[in-house]
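Biologist: Hello! Could you walk me through a protein chain, one question at a time?

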Amino acid sequence: MIVILKNGITKEEKDKVASTLKGYGFIVKEIVGENDTVLGAVGSSHVDPRIIELLPGVSSVVPISKPYKLASRELKKDDTIVKVGRVSIGGNRVCVMAGPCAVESYDQIMAIAEKVREAGAVMLRGGAFKPRTSPYSFQGLGEEGLKYLQAAGKAFDMPIVTEVVSPLDVEMMIQYIDMFQIGARNMQNFELLKAVGKTGMPVLLKRGMSATIEEWLMAAEYLMSSGTDKVVLCERGIRTYERATRNTLDVSAVPVVRKLSHLPIIGDPSHATGIRDMVSPMSLSLIAAGASGIEVEVHNNPEKACSDGPQSLYPQQFEKLMRDIEALCPVIGKTLEKTPRIIPESIKEASVDLSSPLEGRETVVAFQGERGAFSELATRRFFNEDVKVLACHFFKDAFDAIASGKANFGVIPVENALGGAVYDPLDLIKTHSELKVVGETEIRVVHNLIGFPGTDIKDIKKVYSHPQAIAQCKEFLEREMPWAEAIPFFDTAGAVGFVKNNGDKSIAAIAGSPAALYHGMEILRQGIETNPSNYTRFYVLTREENAEEFIKGRKKEKASFLFNVSDEPGALMKVLEILYQRGLNMQKLESRPIPGKPWEYTFYVDALIPASIDFDETCKEIAASSVGFRLLGVYENGIL
């Protein structure tokens, strides 16, 4: 059952409810959501729900209809994000695990780990224990293979996922790995599931080759009821009558599982197809269907692999696949999980305003807009889903928050694919010389019609949103809702909050899905924008004293800078000529008028930096050929 607690319940009342449930023999899990806190009570015990409803602090009791209780979406509405070391699986990220099917030697795993890490994988996979159909096939190196795998993971900063085949090996494996993998043949090995679940460690649970989705989720229930909440499901193909591929990849399982369960789901296209050339297209299909990642087999010499060589990608094929995944992610509203960003303690502690939200050494990120805005979505894409955010009404407020120490970072829009430059932030960047650009990200802007649950759009008389969003949804409004009045509002997410607080079911808003989730409203129509190629690019800003520490160890592939030129023929051309000669690929050139100097302009440039040049010397050349030059930041290229 689900016990929904009242807002304002005291700790003593909550403890009383939990202890009462445990007294009846239930396993109790507390789940804190955006709007409600609930206690999930599961087990073989039975109790009259009215007894629990009468306890102080209880709002209501709802039975769970599914046989899998802890894994059910009924128990937890929000997606679970599983942390494996510093890697996040689930939510808006796409996590890629890669490595050989089997660890064959120390040199082999180190060489492959280096290749997949360079290409962008964030977790290392590899088998030390290999359950094989034939007793004469290679069975793995056992504990020695785990030692090699651990060494490679540490060398290239990647958490380790590997298969466990016996309950007797569980305790031994804990010292070497970061995530257990339960293979298809062991999905219903219940003693193994219970032993692994008791460790509390993350688990990758593969679907059995003939298992139904319900059986698969029941296997996850075994793990969760035994002690771990960190379960990731993996679709790896099912056995059918078809023999053209090793198995039949059930892509439809991805959206089905996402509807039934809050657990993240990834795919294994290598085992699903068994054919190297099919791995990449099937990887993309899994991600397009909503998978939170893939597990791919990669080998530097697959012709001589001890296991599954025909389905293993060459390193160059894997590198191409990673580029394709990164290009696909913005289209489906996700981002590729990259090297996890560690916020140095020195940045967390650096606060000018000691009464600010930074007390307690939390990382705070400022953005402009209401909670649930697209800027908040971009913030969580770049950092993580549970980062603390500071919503600011105006852009100036966000900049002041970063500069004063009320926030460590800011995520600020600077350009829209349809509307062009966002001018207010560019002007503020110029006046805040103490801030630096240390990263960038982009999101696809998907607009939705949002209203009260169960509302028929025929009953909606007014639609509120930002003028730009209204313009971008003009065709939908004219075609589907010609009777409704479109009313401008200062912010898309703010419009959703206004509709909710108003309580009138005859009004609705246009905004992104995070706003609907945050305010507990319903998406009545999804993807109503006229042009789906609508992307917004954001700068990530921090104070100058924190910038170098934050980008340490990351690639310096892109630069943002501004400059002024003298009022004479060819002045701008002199600067552009330097960029051409040094091979800088200019991705943006924007001009803004200089206040108090009519017809004079500041030029903003974003450019890719070739590895072959001395960029510091290039900056000196630009400064010498311009009236004023300022480097806004050098950072990793986050946009293809």
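Modeller: Below, we go from the whole chain to a few of its parts.

Modeller: This is a predicted model, in which local features need pLDDT of at least 70 and side-chain atom pairs count only at pLDDT 80 or more, while totals for chains, interfaces and linings use all residues. Residues are numbered from 1 along each chain as its sequence is written, and side-chain values use heavy atoms, with hydrogens and water left out.

Biologist: How many helices and strands are there in the chain?

Modeller: Both kinds of element are DSSP runs numbered from the N terminus: helices are H or I with at least four residues, and strands are E with at least two. Counted that way, the chain has 22 helices and 30 strands.

Biologist: What is the radius of gyration of the chain, and why is the chain called as compact as a globular protein of that length?

Modeller: The radius of gyration is taken over C-alpha atoms, and the globule rule is 2.2 Å times the number of residues to the power 0.38. For 640 residues the rule gives 26 Å, and the chain comes close to it, so it is as compact as a globular protein of that length. The radius of gyration is 27 Å.

Biologist: What share of the residues in the chain is buried?

Modeller: Buried means under 20% relative accessible area, exposed means over 50%, and partly exposed lies in between (1.4 Å probe, protein chains only). Among the 640 residues of the chain, the buried share is 54%.

Biologist: Is alanine 220 buried or exposed?

Modeller: Alanine 220 sits in helix α7, residues 213–226. Leaving aside residues up to four places away in sequence, alanine 220 touches Leu205, Val231, Leu233 and Leu263, where contact means heavy atoms within 4.5 Å. Because its relative accessible area is 0%, alanine 220 is buried.

Biologist: Which residues of β16 point one way, and which the other way?

Modeller: In a regular strand the side chains alternate between the two faces of the sheet. Strand β16 covers residues 364–368, and five of its five residues are buried. Val364, Ala366 and Gln368 point one way, and the other way point Val365 and Phe367.

Biologist: Which residue stands opposite glutamine 368 in β17?

Modeller: Two strands pair if DSSP finds at least two bridges between them. Five bridges join β16 to β17 (residues 388–392), and these strands run parallel. Opposite glutamine 368 stands cysteine 392.

Biologist: Through which helix does the chain cross from β16 to β17?

Modeller: A crossover is right-handed if, with the strands pointing away from the viewer, the path from the first strand over the helix to the second runs clockwise. This β-α-β crossover is right-handed, and the helix is α13 (residues 374–382).

Biologist: Which residue in β18 stands opposite valine 365?

Modeller: Strand β16 is also joined to β18 (residues 409–416) by two bridges, and the two run parallel. Valine 365 stands opposite phenylalanine 409.

Biologist: What are the edge strands of the open sheet of four strands?

Modeller: The order in this open sheet is β28-β29-β27-β30, with antiparallel pairing. Each edge strand pairs on one side only, and these strands are β28 (585–594) and β30 (628–635).

Biologist: Which residue in β29 stands opposite lysine 558?

Modeller: Strands β27 (residues 558–564) and β29 (residues 597–608) pair in the antiparallel sense over seven bridges. Opposite lysine 558 stands leucine 608.
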